[in-house]
Amino acid sequence: MQWLIAGLIAAAVCAGRASAEETVPWDDLSAGNTGFSAIEVCHTDPVQIYCAGSGGVFKGTAESKTREPVLSLMPGQKAVSLVCGNQGSGTVYAVFTNGVYHTPDAGRSWRTIYSSASGGCTAVAEAGKKVFVGTETGLLYAESVSNQWK
């Protein structure tokens with residue numbers, strides 16, 4: 001009987017903690033967009049927030065409840081990650097399963113810097129002028145976004 005009472009008290013305490021954690025106030029900034037799988041706040045401009053999902057990349061501010069599309073992709077291309085670059089304000093890399101996209105100007109223009117028909121892109125990183133791309137089959141790098149992958 002003592003074990004049953006102790007178990008009920010422990011369950012009540014845990015339930016109390018869970019409900020207290022659930023009461024954290026959250027503001028919905030999705031603006032009707034759903035399915036985000038990557039979010040990045042750029043260290044060079046911490047007010048800007050980039051979000052990526054199956055429809056592409058969206059941009060907004062930390063206070064804004066609107067997100068404007070800055071890169072539209074075909075449905076089914078899953079966002080893996082977003083990374084703000086070190087080479088200045090506005091450099092962003094968007095990794096989708098089919099490739100890596102790059103913008104040097106905060107989303108005004110984008111170009112594909114790596115493409116994978118097999119859908120194996122997993123990560124991107126920038127170190128100085130070098131750019132690294134992780135794939136399901138290995139790690140590649142280029143001396144800059146305009147060079148060939150090695």
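## A briefing on one helix and its strands

Of the 150 residues of the protein, 39% count as buried, where buried means a relative accessible area under 20%, exposed means over 50%, and partly exposed covers the values in between, with a 1.4 Å probe and protein chains only. The model is predicted, so local features need a pLDDT of at least 70 and side-chain atom pairs count only at pLDDT 80 or more, while totals for chains, interfaces and linings use all residues. Residues are numbered from 1 along each chain as its sequence is written, and side-chain values use heavy atoms, with hydrogens and water left out.

**Overall make-up**

- Read from the N terminus on, the elements follow the order α-β-β-β-β-β-β-β-β-β-β-β.
- The protein exposes about 8,900 Å², of which carbon and sulfur atoms supply 58%; this area comes from the Shrake-Rupley method with a 1.4 Å probe, and for residues only the protein chains shown count as cover.
- Among the contacts in the protein with a separation of 6 or more, 31% come from residues 24 or more positions apart, a contact being heavy atoms within 4.5 Å.

- Four strands form an open sheet in the order 1-2-3-4, with antiparallel pairing, and two strands are said to pair if DSSP finds at least two bridges between them.
- Strand 1 and strand 4 (68-72) stand at the edges with a single partner strand each, so one side of each is left without a neighbour in the sheet.
- From one strand to the next, the twist averages 20 degrees; for such angles, axes are lines fitted to C-alpha atoms, for helices over the stretch in contact, and the angles run from 0 to 180 degrees between N-to-C directions.
- Strand 1 and strand 2 run antiparallel and are joined by four bridges, and one detail of this pairing is that V41 has I49 in strand 2 as its bridge partner.
- A hairpin connects strand 1 to strand 2 through six residues.
- In a regular strand the side chains alternate between the two faces of the sheet.
- In strand 1, A38 and E40 make up the covered face, whereas I39 and V41 make up the uncovered one.

- Three strands form an open sheet in the order 9-10-11, and the pairing here is antiparallel.
- The edge strands are strand 9 (121-127) and strand 11 (138-142), each of which pairs on one side only.
- The twist in this sheet averages 20 degrees from one strand to the next.
- Six bridges join strand 9 to strand 10 (residues 130-135), and these two strands run antiparallel; A123 has G134 as its bridge partner in strand 10.

**The disulfide and other cysteines**

- A disulfide is a covalent bond between the sulfur atoms of two cysteines.
- The structure holds one disulfide, counted as a pair of cysteine sulfur atoms within 2.5 Å.
- This disulfide joins C42 to C84, with an S to S distance of 1.6 Å, and the torsion about the S-S bond is about -55 degrees, so the disulfide is left-handed.
- The pair links distant parts of the chain, since C42 lies in the loop between strand 1 and strand 2 (48-53) and C84 lies in strand 5 (residues 79-84), 42 residues apart.
- C42 counts as buried at 5% relative accessibility, and C84 is buried with a relative accessible area of 6%.
- Two further cysteines also count as buried, namely C51 at 7% relative accessibility and C121 at 3%.

**Aromatic pairs**

- A search of the whole structure finds three aromatic pairs, where rings of Phe, Tyr and Trp (its six-membered ring) pair if their centres lie within 6.5 Å, and planes under 30 degrees apart count as stacked, over 60 as edge-to-face and the rest as tilted.
- One of them is the edge-to-face pair of F36 and F58, at 5.8 Å centre to centre and 75 degrees between the planes.
- F36 lies in the loop between helix 1 (2-21) and strand 1 (38-41) and F58 lies in strand 3 (residues 56-61), so the pair ties together parts that are 22 residues apart in sequence.
- F36 is partly exposed, with a relative accessible area of 26%, whereas F58 counts as buried at 14% relative accessibility.
- F96 and Y101 form another edge-to-face pair, at 5.9 Å centre to centre and 85 degrees between the planes; F96 counts as buried at 0% relative accessibility, and Y101 counts as buried at 9%.
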